[in-house]
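Me: Hi! Could you walk me through a structure I have open?
Reply: Happy to, let's have a look at it together.
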Amino acid sequence: MKTDVLTINPAEPEADRLTAAADVIRAGGLVAFPTETVYGLGASALDSRACGRIFAAKGRPVNNPLIVHVASVSGAQQLTDGWPETAHRLAERFWPGPLTLVLPRSKLVPDVVTAGGPTVAIRVPAHAVARGLIEAAGVPIAAPSANRSTLLSPTLAEHVLRGLDGRIELVLDGGPTAGGLESTVLDLTANPPRLLRPGLLTSHEIASVIGEIDVSDRPPAESTGPLRSPGTQTRHYAPRTPLELAVDGGWQRVVELAQQGLRVGWLKFAAERQEVAAIPRPRMEPLANLTTIVMPRAPAAYAARLYAVLHTLDNSGVDRIVVATPPEGDEWLAIRDRLLRAASK
Ligand code: TXA
Ligand code: MG
């Protein structure tokens, strides 16, 4: 299959391009498109066959359910059985945006989307291209991140093509995604609501609207049936290159690896008040075989560039990636979660 690429204006998407992509979705095809978090791989959520193709294209285990993207709260309500007060308040405050709500499913949702489970995960994306595509297609769009299963999520069309070229019909190239990390997944069928995957929206922000939520990271009680969250597969969001987290800044480990003759990529934190270039600049390295990337000290800015930096290092032929461990705290939770998974064997 030939994968077409259509560039599209991320702020004011051209109507003819949205229509072309919507036609592919309605015909049962797969379209990768930008959201405010990462690129998604979309299919009509009402078309079981098309959703089945998402799993095949990604190599995704069929017990890992898909997020359905809708344009509005009423679109979400059609896919759920009931709409609790917590959903009402969270949607009012955070949609459109990077919050995915897990709720009991309605009969409209095919089994393949929910992995046969009783719940469905839904969100209203904030990106103009994502919203325009859903509206033009006139159907809800099931879309996991547009990467091969367990690998890094894409924040550029180029990253999508690296994993999925020849396996999907179309990529809408709307440039880099601003958020750079996935949505927060919250299970509203649990009491208190349970954080299934930390993401761009922090648990403090959620708790400020609905009160207590369960953020404990315990494994699911049931080990069969649909996975509770992507996190139940430990290795995930990972570059192909082995990655390790260094407890200190990482310099000692970098020296050790470089002295073994390995090519090392090192993500260190910027010094206080140091400006971080939008595009990492080549620099004089203190060691041969070392590529240093200076990362921002602010969590949102760090998240926005993390996957792009890891994609770049993955492609540059380094043998090892060493990452200075980010600080503790709610704002760093999602970043630490992704790095821990990337580092796990
Ligand atoms: O930011 C995002 O969420 C991106 C963009 C494209 O929207 N999507 C994304 O999808 O990250 P994905 O499939 O890579 O991760 C979503 C995770 C799934 O891995 C799945 O485990 C969890 O959400 N999920 C989906 N449906 C669920 C359900 N019914 N119950 C519990 N978890 C669910
Ligand atoms: Mg994913």
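The chat below goes through the ligand site and then the sheet.
Me: Before we start, what kind of model is this?
Reply: This is a predicted model, where local features need pLDDT of at least 70, side-chain atom pairs count only at pLDDT 80 or more, and totals for chains, interfaces and linings use all residues. Residues are numbered from 1 along each chain as its sequence is written, chains are lettered from A and ligands numbered from 1 in the order in which they are written, and side-chain values use heavy atoms, leaving out hydrogens and water.
Me: What's the distance from an oxygen atom of ligand 1 to the side chain of Asn64?
Reply: An oxygen atom of ligand 1 is 2.6 Å from an N or O atom in the Asn64 side chain. For Arg60, an oxygen atom of the ligand is 2.8 Å from a side-chain N or O atom. With Thr119, a nitrogen atom of ligand 1 is 3.0 Å from an N or O atom of the side chain.
Me: And how much of ligand 1 does the protein cover?
Reply: The protein covers 97% of the 660 Å² of accessible area that ligand 1 has on its own (Shrake-Rupley method, 1.4 Å probe).
Me: Switching topic: what's the strand order in the open sheet?
Reply: The 10 strands go β1-β8-β2-β3-β7-β4-β6-β5-β9-β10, with mixed pairing. Two strands pair if DSSP finds at least two bridges between them. β1 (4-7) and β10 are the edge strands, each pairing on one side only.
Me: How do β2 and β3 pair, parallel or antiparallel?
Reply: Antiparallel, over four bridges, with β2 at residues 31-34 and β3 at 39-44. Pro34 has Tyr39 in β3 as its bridge partner.
Me: And β1 with β8, parallel or antiparallel?
Reply: Parallel, over four bridges. Thr7 stands opposite Asp173 in β8.
Me: Which strands does helix α7 touch?
Reply: Helix α7 (residues 157-164) touches β1, β2, β3 and β8, where contact means heavy atoms within 4.5 Å.

Terms used: A polar contact is a pair of N or O atoms within 3.5 Å; within protein, one must be able to donate a hydrogen and the other to accept it, and residues adjacent in sequence count only if both atoms are side-chain atoms. Helices (H or I, at least four residues) and strands (E, at least two) are DSSP runs, numbered from the N terminus. Axes are lines fitted to C-alpha atoms, for helices over the stretch in contact, and angles run from 0 to 180 degrees between N-to-C directions.
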